[in-house]
Amino acid sequence: MSGDATEPATEAFLAHRNLLFTVAYEMLGSAADAEDVLQETWLQWVKANRGQVRDQRAFLVRITTRQALNRLRTIKRNREAYVGSWLPEPLLTVPDVAEDVELAESVSMALMLVLETLSPTERAVFVLREVFNVDYDEIAAAVDKTPAAVRQIAHRARRHVNARRPRQVVSSNEGRAVLESFQRAVETGDPQALLGVLAPQVVLISDGGGIKHAALRPVTGAERVARMFAGGMGKLEGTITTEPTVINGNPALLVRLDGEIDGIMAISVQDGRIAGLYYVRNPEKLSHVTSATPLTLH
């Protein structure tokens, strides 16, 4: 196929690329897998009879959803053998994403972990309906179900997620203020300062993937988490520095050891304190953090 023939296809695909990437990422929790899905979507798009496509956005979302569903069923089996706790691959996002409260929550580490507890089809339906407001007929075509079945799946998935998602919407300003307090506490190693910023039932989840040291199971409780930070940071050989950033549309710390990226610490906030800490140290998940171009998830 000539370059002239593919140019309109390229323009249409690029116009919707950020949307397609976000759909795939929210379904898979992996930027690398989402990129692979986009490549597969592109290959199907250029082969399609585009003259018969009435709604390019809907058609592309349908392809992306089907490809992501196929991949999700495979990687769910692989994650059962993952060493320690699994966290989504963190994404460096533009600050504007944090201003879109609904979008920021939908890609937050906290909600992404809740989405992991859904079946592949439930996850696809929830993401398309609740995050992107795709109509039931379009979702039905994407997941090979009837619209009536999709409505039932959406209701079940919504109820499941709402029972587990954070109940408080936090402004970007409040999130940044809590992060600043946490950063000072981490850098000084002051256990009392840490206790002051952690919620009593805070949960720390760390992901080393068997490559870097990390707690194999979640750590719960402010005192346990504070002790773990004070002890763990003290054992690292080298100079630790932290820098605020925006990960998955939410405040986070980029942690460096002797100038090299050691990991990302994302937070979730409730009632002015940190309720969830998500520390990704697995180097295989940090490539999109080192990218010079933060992502716009729209």
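In the predicted model, helix α2 passes α8 in a right-handed crossing. The axes of α2 and α8, the latter spanning residues 120-131, lie 9 Å apart, and the two helices pack at an angle of about 135°. Angles over 145 degrees count as roughly antiparallel, and α2 and α8 are therefore oblique to each other. On the α2 side the contact involves V23, E26, M27 and L28, which meet R123, A124, V127, L128 and V131 of α8. Seven residues of this contact between α2 and α8 are nonpolar and two are charged, with no polar residue present.

Helix α2, comprising residues 17-28, also packs against α4, with axes that come within 9 Å and cross at roughly 25°. Because angles under 35 degrees count as roughly parallel, α2 and α4 are described as roughly parallel to each other. The crossing of α2 with α4 is right-handed. From α2, the residues L19, L20, V23, A24, M27 and L28 take part. Their partners in α4 are R57, L60, V61, T64, T65, A68, L69, R71, L72, I75 and R79. By class, the residues of the contact of α2 with α4 comprise 12 nonpolar, two polar and three charged.

A further contact of α2 is with helix α3, formed by residues 31-47; the two axes come within 8 Å and cross at roughly 130°. This angle makes α2 oblique to α3. The crossing of α2 and α3 is right-handed. In this contact, R17, L20, F21, A24, Y25 and L28 of α2 are paired with a set from α3 consisting of A31, D33, A34, E35, V37 and L38. The contact of α2 with α3 contains nine nonpolar and three charged residues, and no polar ones.

A search of the whole structure finds one cavity of 30 Å³ or more. The space in the largest cavity amounts to about 40 Å³. The lining of the largest cavity is made up of A58, V61, R62, L128, V134, E138, I139 and A142. At least two of the lining residues are supplied by each of α4 (56-79) and α9 (136-143). Six residues of the lining are nonpolar and two are charged; none is polar.

Terms used: Residues are numbered from 1 along each chain as its sequence is written. This is a predicted model: local features need pLDDT of at least 70, side-chain atom pairs count only at pLDDT 80 or more; totals for chains, interfaces and linings use all residues. Side-chain values use heavy atoms; hydrogens and water are left out. On a 1 Å grid over the protein atoms alone, a cavity is a set of points where a 1.4 Å probe fits but cannot get out, and a pocket is an open set with protein on both sides within 12 Å along at least five of seven lines; lining residues have an atom within 4 Å of a point. Grid points are joined across faces, edges and corners, and a volume is the space filled by probe spheres set on the points. Helices (H or I, at least four residues) and strands (E, at least two) are DSSP runs, numbered from the N terminus. Ala, Val, Leu, Ile, Met, Phe, Trp, Tyr, Cys and Pro count as nonpolar, Asp, Glu, Lys and Arg as charged, and the others, Gly among them, as polar. Axes are lines fitted to C-alpha atoms, for helices over the stretch in contact, and angles run from 0 to 180 degrees between N-to-C directions. Angles under 35 degrees count as roughly parallel, over 145 as roughly antiparallel, 65 to 115 as roughly perpendicular and the rest as oblique. A crossing is left-handed if the near helix is turned anticlockwise from the far one by less than a right angle, and right-handed if clockwise. Contact means heavy atoms within 4.5 Å.
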